Number of protein chains: 2
Amino acid sequence: MNKKSKTGSPRLKASRPKAGEPSNKKAKAASVKAKSSSPSSTIEKLLAPPIASGPVGNPKPRPSVRVSIPSPEEGGPKPGEQWLYSFVPGGAEGDSTMRDLLGGKGAGLAGMAKAGIPVPPGFTITTAVCNLFYENRMHLPRSFKPILKEYMERIEQAMGRKFGHGDKPLLVSVRSGAKFSMPGMMDTILNLGLNEKTLQGLIEETDNPRFAYDSYRRFIQMFSNVVLGIDKDVFEEVIAERKKTRHVKKDGSLSVDDLKDIANAYKKIVKQHIREPFPDDPWTQLMMAIEAVFKSWNNPRAIAYRKMNSIPSDLGTAVNVQAMVFGNTGEESATGVGFTRNPSTGQKEFYGEFLTNAQGEDVVAGIRTPRPLSELSDLMPQAYKQLKEITTRLEQHYRDIQDFEFTIQDGNLFMLQTRTGKRTAMAAVKIAVDMVKEGLITKNEALLRIKPEDLDQLLHPRIDPNAAVTPIAKGLAASPGAACGKVVFTSEDAVAMAAKGERVILVRTETNPDDIQGMGAAVGILTTRGGMTSHAAVVARGMGKCCVAGAESVRVNEERKTFTVGPTIIREKQIITLNGSTGEVIQGEVPTIEPELSGEFATLMSWADNLRKLGVRTNADTPEDAERAVKFGAEGIGLCRTEHMFFAHDRLPHVQRMILADSAEERQLALNKLLPFQRADFKGILRAMAGKPVTIRTLDPPLHEFLPSRKEITEEIAAAKAKVDTVSYEESLQLQAQIADKERILQRLSELAEVNPMLGHRGCRLGITFPDITEMQAKAIFMAACDLAKDGIEVFPEVMIPLVGTLAELKNQKDIVDRVAEEIFKKRKLRVKYLVGTMIEVPRAALMADSIAEAAEFFSFGTNDLTQMTMGFSRDDAAKFLVPYVEKGILPADPFVTLDIEGVGQLVEMAVAKGRQTNPKLKIGICGEHGGDPRTIAFCNRMGLNYVSCSPYRVPIARLAAAQSIIGDVSDAQK
Amino acid sequence: MNKKSKTGSPRLKASRPKAGEPSNKKAKAASVKAKSSSPSSTIEKLLAPPIASGPVGNPKPRPSVRVSIPSPEEGGPKPGEQWLYSFVPGGAEGDSTMRDLLGGKGAGLAGMAKAGIPVPPGFTITTAVCNLFYENRMHLPRSFKPILKEYMERIEQAMGRKFGHGDKPLLVSVRSGAKFSMPGMMDTILNLGLNEKTLQGLIEETDNPRFAYDSYRRFIQMFSNVVLGIDKDVFEEVIAERKKTRHVKKDGSLSVDDLKDIANAYKKIVKQHIREPFPDDPWTQLMMAIEAVFKSWNNPRAIAYRKMNSIPSDLGTAVNVQAMVFGNTGEESATGVGFTRNPSTGQKEFYGEFLTNAQGEDVVAGIRTPRPLSELSDLMPQAYKQLKEITTRLEQHYRDIQDFEFTIQDGNLFMLQTRTGKRTAMAAVKIAVDMVKEGLITKNEALLRIKPEDLDQLLHPRIDPNAAVTPIAKGLAASPGAACGKVVFTSEDAVAMAAKGERVILVRTETNPDDIQGMGAAVGILTTRGGMTSHAAVVARGMGKCCVAGAESVRVNEERKTFTVGPTIIREKQIITLNGSTGEVIQGEVPTIEPELSGEFATLMSWADNLRKLGVRTNADTPEDAERAVKFGAEGIGLCRTEHMFFAHDRLPHVQRMILADSAEERQLALNKLLPFQRADFKGILRAMAGKPVTIRTLDPPLHEFLPSRKEITEEIAAAKAKVDTVSYEESLQLQAQIADKERILQRLSELAEVNPMLGHRGCRLGITFPDITEMQAKAIFMAACDLAKDGIEVFPEVMIPLVGTLAELKNQKDIVDRVAEEIFKKRKLRVKYLVGTMIEVPRAALMADSIAEAAEFFSFGTNDLTQMTMGFSRDDAAKFLVPYVEKGILPADPFVTLDIEGVGQLVEMAVAKGRQTNPKLKIGICGEHGGDPRTIAFCNRMGLNYVSCSPYRVPIARLAAAQSIIGDVSDAQK
């Protein structure tokens, strides 16, 4: 929870007041005014006269400001333009809404200052200046410096100090501050303004040469690293060397002379590196620091971060220059961070930590253990009360949990920063619901407060965030949750060990449909290849199994049954833990936490359900999945993939016999064997979803997926052939027969082999060339439906034909389904309501939707395949170019995660319009992976779809996203 | 040229007049009237009174007709509806334009009759009756029979005979006749009306029992087969048995008693089969025959044919009932077929064959050799003159070559049929051009007379149509022309043998890019797998090489270097001949004919060029292809595939080194080696197309296509490993190094392996991830262009970026091309005009065309890939379902041959509109295989494209089709 403090701090003073004994006058907390502290303290000297304080509200800008600002003719700001915005407690030129111009930090400081909250005085250089800097070939405008001087004077006035003077020198901090918090931007520079002259002034003033020298050597180190680009380590080596010489372990044990020597050594290093002396002139330091902030806007890390987060590169960054304050001038001083509520649980409690007589760095260094904020009330009751009141006001003002930083100098509280607090999903839900109860926000606001994706964290067991773990590898966070188990390398081993009650993690280079059984048996899946929508990832999410995919540093050796990551070797049956929410792979077992779906979660979801128009269904292939999805709020099944049922061990032989059949009769025999299985499957699912619609898709994947791999069969044949001469005559005959069977499979595999199976003999093309397969499936569906209907269970089967591109295809298959349904209704002497519809997943189907709607009672967008074909991206192969595409900004995002609305979205829009033009009552849904993606859901809502369907674990996400998309609509309508 | 005559005929009579001695009175040829013949001949008795003859023109319909027609209330035709249309020479109720109602044959007979041409009198039952028959659950309307009787009476009146009477019985033929000629429809029934009673009448009348009995047994046989569905063979067995008993070989040698016995035996067979006696009542016979014709409209063969040829199934068929005439009553009689011009060469000559005293079947049976028509002028000068005059008039009337059938009974000429003559492409061109010169047709009509696809026959050497060949197998006619050479089974062998000057045919299960060299070296390609757009077919057409693809009965054994077709084994180096225009595979050598592009062909093409608006470019990868295409009239190159250059033996090692490179530096070294090759390639092509635009596409296929196959490498590694222990230490070191190299390739192959390479890492995705490849190609293009420009040669390179789906992709690649161009222009101190554009082949590109046009100077539709992705059909895998799809009528045609206009066409239309909306000057073409398909070309013309591009051999086809599409537009505009 501790963060590096943004304020610098002199070293601890030797004299320590006793604990609980306030050494300064008490600040009047009620009026939230900063007060001067005891004039005997070091900081008192620094801060006299006391910080300006006025009534809370809008202070008049000082009329003197504009006087020395250059006119546009002199190269100054254009009319209406202002380059710098000052802030002092009780008065600010900007305010908290001006994030575009002042950046997040600058706007926050302005807001706080305006609200009379004690912040160290300072000013913000706008993002517009940053853009001018770039337009001007990396130079600040000529007229910038005079304005800067004017604003520095304001700080000087507020602090009663002079920048660069030997007497009461003013020190400042310089920080970047863009509209959005951006890692990769420039680090803070503290204590700027120090040189040999001001250093002496500081020593004279504070009578604390240790504090002054330590500040100085820290400043040189920071400035050299951040502005001059010299590696930190070379400076650290100097200190390490000195400590070694002095036989001490802590920096604090070094003498004033040591620190003096170190500062001199630093300056020598700088001269060696830049072939110039360290800049001594405070104004030069300041200008260089400001330019360094602007330059850091375009450093590679920042550019990469912006691209990844879709942040426009012309936003620019602001620069904040602020007077230094110190939290480590004695036991009346302190520094700390805190939250207005518990960011981990959401509990309404004052939460945070502090250290007396310290700076942030000390906390990070782990020298002392920080104390909980509650203890501050005993130590410094006045400051504590003031802090609590200020932060409560801030929360009320921003109407959200605040994450704040503060420094207390000799009893005087300074707020250094406040911002919206990051929180866990659990906390987010509790805080949102609590704030509605407190009347702080509306239900709609509460719904918008939760990032739908974050709900996922609440649905899976997860790694205890307090557990100390060291991951051995990192892949993609493909399917969230945590899983811990023994490593296995084949699907068969997974099934075998799971059957013995072992928890196993299936580790594969990549998975394929053969692995479904093994994936089902495993508690988690780890692959070394494939992306967020690889087979492993998609199936795992569907199953709600934890999965880390594409962990590229992992090398699997299936033969030896080991995997290695660098020097680490993990053997079969060793235990690993996967964190599917972060992509981490951890050696050994790590404690996990179980999910909780009641309480605030339930409340929030009920608000979402009341609001949303889109139905939310689930993609489920088994009664177990279906039941789980209903628990998560699913209102039906939007996609039941019958082929997943085909892979079960008791069905696969019949499926294979069907594929290998030489005649229609032989095929029929195999189909007859499959019928009772399918009937039982459908009965289970329809029963689990009693009263709700269930969309069942007829067979979709290419047939070769149901046969063993070529390699496997070839090896088996070789093994059998090798054995045939070593066994008895009778056994050899048996073997020969087996070999013949396997050779037949091999032959069929050759016939079924396809160059691009994605665009091959699959979907309704199978049902059209083998109508008996569709017939069997239709029989199974309607027999199951009638079985249940007879028992009074409500069933609403919806038969969905995949991969349709023409009306004739759909008609061909619909005719079979309708005929079979009539036959069975007649035989069973009852009827059930059912629909026949189609997937819209081939681009042509969208183009021909008006025609196809003549035979379709519903459409369901198969956006995975629609994306693959419309963009020409094979999901299995796209990783090679999709990653560089997103990195280079050629695509804004992975189109398999968020629908490509501008491209693929056109086809969706077209299909909806054309389909409803033919059949205004057409029911339309989406069942691709995108059905659980919030941005796609908002699009579906806009398009007027009837429902989205997603994997069970994404159902709550979809419910929330569907509600949010309505709020979006409402606010759009209000504009 | 001989066809089975549609008229039946009694057996030859014993008495023979001498040749050249006319035995009947001469007909007055000038007035084209039919005249009665000598009353002494057999037929004279049958035909008295003479055939009605009147003035040529519109005879008044007889007022008596409507008298006995039932009214609508009685179930008769509705007002304005007429079910039957009679025709007698000089008068007809219908005319030659009424093909919809009367079918092609009925309309033709009506037209001839109306024109006073002697046809046997009869009537046509309309297609509307056929539809009524089906609406009425396969029953004729109750009121149909009275009308039928009325119309039969008219024949009776015209012939002076009575249907079913013992005295002068009327015999008729019954034939189907749909709007379009349709194989698979019902066969003709002749001599209908015969039974024991009429038979006796016929014998009495003609005094020719042999003729009568033979007619009778033939009638029973035909009727039983066609109407009652009894297999022909059971009847043939009876005759064979009798001939065996009589020790004779020919039917003609059987006695009258034999024929009598045979007729009786036939009737017994019928009774056994249908458990009823053979229908004796002539009216029953007639009604059954008419219904059989209607039923045959929906027999499976007819349905299949209609689906294949996109003939609507609700057209229905008409039925033609016509009086029988006989050409074999003596030496004054004859039967023959002919053409008004030579259908093989187009020469204007009276062309045909005849036999005196004969029927068509005799010709087919090969008993006698038919004589050329010219000889008829000596034998029967009157009939000959009349025939010539009539057929000349028919040609003038129909303004096209006529294919006619005639029968002369005892000197009386009867025209049995006339229709537009089928002709070879060569003849079609000559006839069309000649007819323009003769003032018979306009140039536009001449252009419309040629099926563009047929021109292909003129561009390739072809099998001499007169050569007698027996194909051993048949595949798809994948690339036309003929090729004869020695069989080879590998690309390497093809190259090696071709280098020795041998003509070879490359025989493969299927081809892949590795085979390009071998295909180039071979004169023809035969594959056993793959369709019309398989790799072999596409490449072969591009190369203008003869190719037979997907010859499924051929089994290749690469190991043994043989192929088998059933029991036939063909070994390496045996000679075979391929007929790429028919798909036939012939053992041994067959004579061929060379093409001729001047004369009428050149005239016709110049007319086409004057008319068309669409430009015609070619797809060419080599200077040779480019030069050939220019000869064929190409106006530029629309697609130059740089990757085909990569496969040459001197480049492939560098390409592979580039792919295997571990670093950018290593890759650059390989690219540097490739640069001079590519530069030379482009120089060659740009020079061949001097003054014309050349569109060069940057690298498109996935990189693994340039590496050897996994299997090959694995085997090589195994072989090397086996050898390593058997050689000297030094050699073993070398081998080890080779093994390491190969293992590296194997590793890279694994990395490059893709599940769906079609949708994988290819096209501009390569150029974006490996910008140095694009850079090298751009360098080669502009260096080559500058080299030529310096020599004063005009060059217009157009750089085309493949597989673009977003503007950012195109911009990324365009930036590289533009930068490289500028660099080279600067260095060379000259500039050449060039364009940068993109393929539109990913559906998303069409959807985003407005955005993509911001950076594109031209679009070129890659309709192959656009079709694959829009329809979700992998071209390589689609055969499995495309064939059944077309058969079942789910698709009207193979979408890889003719563009799917209603689906994929929408994207083309959208892209054109959106692209030109952004950039009104956008140049737009098409470079997929469809660019040479006439229907697609017409669509491109409608869409306002600038040009089409196709393989060199399709250039003339495209020129003609482009002209035809304009005529289509004109005639549409005139409506």
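Predicted model: local features only at pLDDT ≥ 70, side-chain atom pairs only at ≥ 80, totals over all residues.
Partly exposed here means a relative accessible area between the buried limit of under 20% and the exposed limit of over 50%. A:Lys742 has a relative accessible area of 23%, so A:Lys742 is partly exposed.

Start with chain A as a whole. Its C-alpha trace spans about 105 × 70 × 55 Å along the principal axes. The chain holds 36 helices and 34 strands. Of its 975 residues, 58% are buried. Now take the contacts in chain A between residues at least 6 apart in sequence. Of these, 70% join residues at least 24 apart.

Next, the nonpolar interior. In soluble globular proteins, nonpolar side chains tend to be buried together. The largest nonpolar core in this model has 323 residues. A:Phe782, A:Phe861, B:Phe782 and B:Phe861 have the most contacts inside that core. Look at A:Phe782. Beyond four places in sequence, A:Phe782 touches A:Val799, A:Val817, A:Ala821, A:Ile824, A:Phe825, A:Val832 and A:Tyr834. Another core lies apart from the largest one and has 70 residues, including A:Ile230, A:Phe235, A:Trp283 and A:Val293.

A loop residue can be buried too. A:Ile441 sits in the loop between helix H14 (425-437) and helix H15 (443-449) of chain A. Its relative accessible area is 6%, so A:Ile441 counts as buried. Setting aside neighbours within four places, A:Ile441 is in contact with A:Arg399, A:Ala432, A:Met435, A:Val436, A:Ala446 and A:Arg449. From A:Ile441 to A:Glu822 the C-alpha distance is 56 Å, and the two are 381 residues apart in sequence.

Now the two chains together. The size of an interface is often given as the accessible area lost when the parts come together. Chain B and chain A bury about 4200 Å² between them. Carbon and sulfur atoms carry 56% of that area. In chain B, the residues that lose the most area to chain A are B:Leu759, B:Arg844 and B:Lys880. Together they make up 15% of what that side buries. Each chain gives 49 residues to the contact.

Polar pairing also crosses this boundary. Between chain B and chain A, 30 residue pairs are in polar contact. Several helices of chain B each supply at least two residues to the side that touches chain A, among them H26 (729-752), H29 (807-828) and H34 (904-918). By class, that side has 23 nonpolar, 13 polar and 13 charged residues. Four salt bridges span the interface.

Within residues 879-887, A:Phe881, A:Leu882, A:Pro884 and A:Tyr885 are buried. The buried residues of this helix pack against H27 and H29 of chain B. Just after the helix, A:Gly889 takes a positive phi of about 80°.

Which charged pairs hold places within a chain? Side chains of opposite charge can pair when their charged atoms come close. Over all chains, the structure holds 109 salt bridges. A:Arg161 and A:Glu205 form one of them, with the closest N and O atoms 2.6 Å apart. This pair links distant parts of the chain, 44 residues apart. A:Arg161 is in the loop between helix H4 (144-159) and strand E4 (162-163), while A:Glu205 is in helix H5 (residues 196-206). A:Arg161 is buried at 4% relative accessibility. A:Glu205 is buried at 13%.

The bridge of A:Lys742 has A:Glu716 as its partner, with closest N and O atoms 2.9 Å apart. A:Glu716 lies in helix H25 and A:Lys742 in helix H26, so the bridge ties together parts 26 residues apart in sequence. A:Glu716 is partly exposed, with a relative accessible area of 32%.

In chain B, B:Arg819 and B:Glu823 meet in a salt bridge at 3.2 Å, N to O. They are 4 residues apart in helix H29, so about one helical turn separates them. B:Arg819 is partly exposed at 36%, and B:Glu823 is partly exposed at 38%.

Technical notes: Residues numbered from 1 in each chain as written. Chains lettered and ligands numbered in written order. Heavy atoms only, no water. Contact = heavy atoms within 4.5 Å. Buried area = accessible area lost by both parts, 1.4 Å probe. Salt bridge = Lys/Arg side-chain N within 4 Å of Asp/Glu carboxyl O. Polar contact = N/O pair within 3.5 Å; in protein donor to acceptor, adjacent residues only side chain to side chain. Nonpolar A, V, L, I, M, F, W, Y, C, P; charged D, E, K, R; others polar. Core = buried A, V, L, I, M, F, W, Y, C linked by side-chain atoms within 4.5 Å. Buried < 20%, exposed > 50% of the residue type's maximum accessible area, 1.4 Å probe, protein only.
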